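I opened the model today to look up a few residues and some helix packing. These are my notes, in the order I took them.

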Amino acid sequence: MRRAVTVTVTASAVLAGGLFTGQAYAAPPTPSITAQGGFVMNNGTGTTLFGKAADTRRSTGSTTKIMTAKVVLAQRGLNLDAKVTIDKAYSDYIVSKNASSARLIVGDKVTVRQLLYGLMLPSGCDAAYALADKFGTGTTRAARVKSFIGKMNTEARNLGMRNTHFDSFDGISNGSNYSTPRDLTKLASSAMKNSTFRTVVATKSTKQKVTTKTGGYRYMSWSNTNKLLSTYSGAIGVKTGSGPQAKYCLVFAATRGKKTVIGAVLASSSEANRATDVKKLLDYGFAR
């Protein structure tokens, strides 16, 4: 009885493998996405898996903050527990730009690590401003911010991001803040080599204890705008972006088994379409 069952299963397996039928493995059909640009690669091998207008320059929205975080984490002798005092200029900036916020409180002392969570989870432009002010060089805030943006562009060149330019620390463009799906994927792949970055962007929500102006403390609670972390098995990051010009963007990554697929979509027409596009591309990437 056991022998007969074994023969049957083996024959079925061989048939399924196409050895009897002569059929070769069929690659999955290339997906169609609504986003104006997209790119996907195997993060382990660097092999391109999908491209749509992959080198066309577009506004990037808050996906810019991947570079903001990368520049901070690249600082020599970085102390992630160093405290930064939240200045009124950061909150005034949020109000003037009607920008996404980590709701930082003026006078609070927040660590660099906490600012990275405030930057990447709720996409806080106030956190981005604080980091640019802290890690730029110069005797004035304007000079420090300009210096920090310069570091972002230097890092882009070092990474071979040929179709990328930053004119802001948060993606709120002054007219020349752009990148491409391929370049942003390259950036994310490099950033994900840093363990702190990986931890932050994989975090769905966090509650952080910060020091107040009077020496007391308060808790800041932040949730990740990247809903892929909760809706796609194996998702590990990376960053959302949106805006009038950028539309809906997402730089994404997921790991299943030993394979990591990483990519970007730019200018999706809606948040729902962005999610659909990304899931299609991830499924396709894992099937390749």
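I started with Lys 65, which sits in helix H2, residues 65–73. I am working from a predicted model here. Is Lys 65 buried or exposed? I found a relative accessible area of 0%, so Lys 65 is buried, the cut-off being under 20%.

Next I listed what Lys 65 touches, leaving out residues up to four places away in sequence. My list reads Ser 100, Leu 119, Met 120, Ser 123, Gly 124, Cys 125, Phe 169, Asp 170 and Lys 239. I also checked Cys 125 by distance: 60 residues separate it from Lys 65 in sequence, and the C-alpha to C-alpha distance is 8.8 Å.

Then I followed H2 to its packing against helix H4, residues 112–120. At what angle do H2 and H4 pack? I noted about 165 degrees, with the axes 10 Å apart. Angles over 145 degrees count as roughly antiparallel, so that is how H2 runs relative to H4. The crossing of H2 past H4 is left-handed.

Which residues meet there? From H2 I wrote down Lys 65, Ile 66, Thr 68, Ala 69, Val 72 and Leu 73, and from H4 Val 112, Leu 116, Leu 119 and Met 120. Sorted by class, this contact has eight nonpolar residues, one polar and one charged.

H3 passes H5 in a right-handed crossing. On the H3 side the contact is made by Ala 89, Tyr 90, Tyr 93 and Ile 94; on the H5 side by Cys 125, Asp 126, Tyr 129, Ala 130 and Asp 133. My tally for this contact is seven nonpolar, no polar and two charged residues.

Last, I looked up Asn 177, which lies in the loop between helix H6 (141–158) and helix H7 (181–191). Its relative accessibility is 4%, so Asn 177 counts as buried too. What does the side chain of Asn 177 reach? One of its polar atoms lies 2.9 Å from the backbone nitrogen of Asp 167, and the backbone nitrogen of Ser 168 is 3.3 Å from a polar atom of that side chain. Beyond four places in sequence, Asn 177 touches Asp 167 and Ser 168 along with Arg 58, Ser 59, Thr 60, Thr 64, His 165, Phe 166 and Gly 171.

How values were computed:
Residues numbered from 1 in each chain as written. Predicted model: local features only at pLDDT ≥ 70, side-chain atom pairs only at ≥ 80, totals over all residues. Heavy atoms only, no water. Helix = DSSP H or I, 4+ residues; strand = E, 2+ residues; numbered from the N terminus. Buried < 20%, exposed > 50% of the residue type's maximum accessible area, 1.4 Å probe, protein only. Polar contact = N/O pair within 3.5 Å; in protein donor to acceptor, adjacent residues only side chain to side chain. Contact = heavy atoms within 4.5 Å. Left-handed = near helix turned anticlockwise from the far one by under 90°. Nonpolar A, V, L, I, M, F, W, Y, C, P; charged D, E, K, R; others polar. Axes fitted to C-alpha atoms, helices over the stretch in contact; angles between N-to-C directions. Parallel < 35°, antiparallel > 145°, perpendicular 65-115°, else oblique.
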